[in-house]
Amino acid sequence: SVIKFWSPPYNQPIAWVSLPFSHLFECLEIENVITVWHALALERQVLLTSSQLSLLTTCSEILLSLLFPMRWSHAYIPVLPHFLIPILSAPMPYLCGVDRSNLPAVLMELSPSAIIVDLDKNIVNIGPSTPPLPPLPRSYELTLRTKLQENAGMIFREARSLTKNDNCSEGGRHLPIHVKLMADAMWESRLCLFDEAFHLAFTPEAARTNLLNGNDNSALEERDLNDPTAPLRIMTAAEKLNLRKQSQWDAV
């Protein structure tokens with residue numbers, strides 16, 4: 001038998017992937033991106049969580065593309081439905097994503113070897129039973145960090161209106177309190193728009209025009225369309241938020 005090894009040409013970019021790589025680096029600082037990539041390369045259990053479903057799938061696809069020329073051959077469910085949460089206790093490698101609202105139920109079933117990646121909070125939690133990640137070769141690690149800092153080092157900071165001189169390591173605990181509050185507020189305001197932007201991108205042109213011009217009826221309560229005399233009532237923001245509709249991301 002013959003074993004063949006193949007690698008991409010030296011110093012060439014990875015295969016073209018039509019994904020916004022900046023989304024991953026906006027959510028996670030470079031240290032955490034390397035940690036998650038390292039865990040996936042070692043076929044560990046990795047669970048992503050976010051309040052934005054579009055971020056779960058986008059970041060999952062980006063992380064897998066970063067494994068090139070290797071391929072992920074284990075369980076892969078970017079948006080895990082609630083009824084499948086028990087599979088997270090299975091003793092197998094996986095890359096899954098869960099809605100943040102399902103996280104309490106997930107923690108009841110989650111394997112102690114799993115690594116939880118909070119895309120909203122830039123936090124990577126290593127499970128108590130997770131084997132330690134072996135160190136990367138020193139020279140290659142330094143080169144990797146240097147290249148990432150040169151090409152993507154400012155993405156995380158710009159998403160939070162931070163400058164190059166701001167020390168945002170360790171969750172921003174070294175930042176002055178007023179700078180940290182401003183950075184958190186900027187990120188929260190940006191974070192809530194990811195799903196909205198995705199839905200708008202896949203909205204038909206006519207409906208999109210009405211939506212942008214404020215002519216849509218998304219805030220109107222449903223009524224009998226056959227009765228033009230039926231009164232219309234404008235829904236409150238809280239009522240509109242409580243309307244649980246199928247995500248267009250799920251439909252795609």
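A residue is called buried here when its relative accessible area is under 20%. Keep that cut-off in mind, because burial is a theme of this tour. The model is predicted.

Start with the whole chain. It holds 11 helices and five strands. Of its 252 residues, 35% are buried. The accessible surface comes to about 16000 Å². Carbon and sulfur atoms own 59% of that surface. Now look at contacts between residues with a separation of 6 or more. Residues 24 or more positions apart account for 60% of them.

Turn next to helix α2, residues 30-41. How many residues of α2 are buried? Nine of the 12 are, so the rest of the structure largely encloses this helix. The buried ones are I30, N32, V33, I34, T35, V36, H38, A39 and L40.

Helix α2 has a packing partner. In general, two packed helices are described by the angle between their axes and the distance between the axes. Helix α2 packs with helix α5, residues 138-152, at an angle of about 130°. Their axes lie 11 Å apart. That angle makes α2 oblique to α5. The crossing of α2 past α5 is right-handed. Which residues meet there? From α2 come I30, E31, I34 and W37. From α5 come L144, R145, L148, Q149 and A152. As a general point, an α-helix has 3.6 residues a turn, so residues three or four places apart point the same way.

A39 is buried, with a relative accessible area of 1%. That value is under the 20% cut-off, so A39 counts as buried. Leaving aside residues up to four places away in sequence, A39 touches R44, V46, I115 and L133.

Now follow the chain past the end of α2. E43 comes after the helix. E43 sits in the loop between α2 and β1, residues 45-50. Most residues other than glycine have a negative phi. E43 has a positive phi, near 60°, and is not a glycine. Is E43 buried, partly exposed or exposed? With a relative accessible area of 43%, E43 is partly exposed.

A second residue shows a positive phi. N122 is not a glycine, and its phi is near 60°. N122 lies in the loop between β4, residues 115-118, and β5, residues 123-126. Here the surroundings are described by another value. N122 is buried, with a relative accessible area of 9%, whereas E43 is partly exposed.

Finish with helix α3, residues 53-65. It has 13 residues. From its first C-alpha to its last it reaches 19 Å, close to the 18 Å expected at 1.5 Å a residue. Helix α3 is mostly covered, with 12 of its 13 residues buried. The buried residues include L53, L55, L56, I62, L63 and L64. Also among them are S54, T57, T58, C59, S60 and S65.

Terms used
Residues numbered from 1 in each chain as written. Predicted model: local features only at pLDDT ≥ 70, side-chain atom pairs only at ≥ 80, totals over all residues. Heavy atoms only, no water. Helix = DSSP H or I, 4+ residues; strand = E, 2+ residues; numbered from the N terminus. Buried < 20%, exposed > 50% of the residue type's maximum accessible area, 1.4 Å probe, protein only. Contact = heavy atoms within 4.5 Å. Areas by Shrake-Rupley, 256 points an atom, 1.4 Å probe, with all protein chains shown as cover. Expected span 1.5 Å × (residues − 1). Axes fitted to C-alpha atoms, helices over the stretch in contact; angles between N-to-C directions. Parallel < 35°, antiparallel > 145°, perpendicular 65-115°, else oblique. Left-handed = near helix turned anticlockwise from the far one by under 90°.
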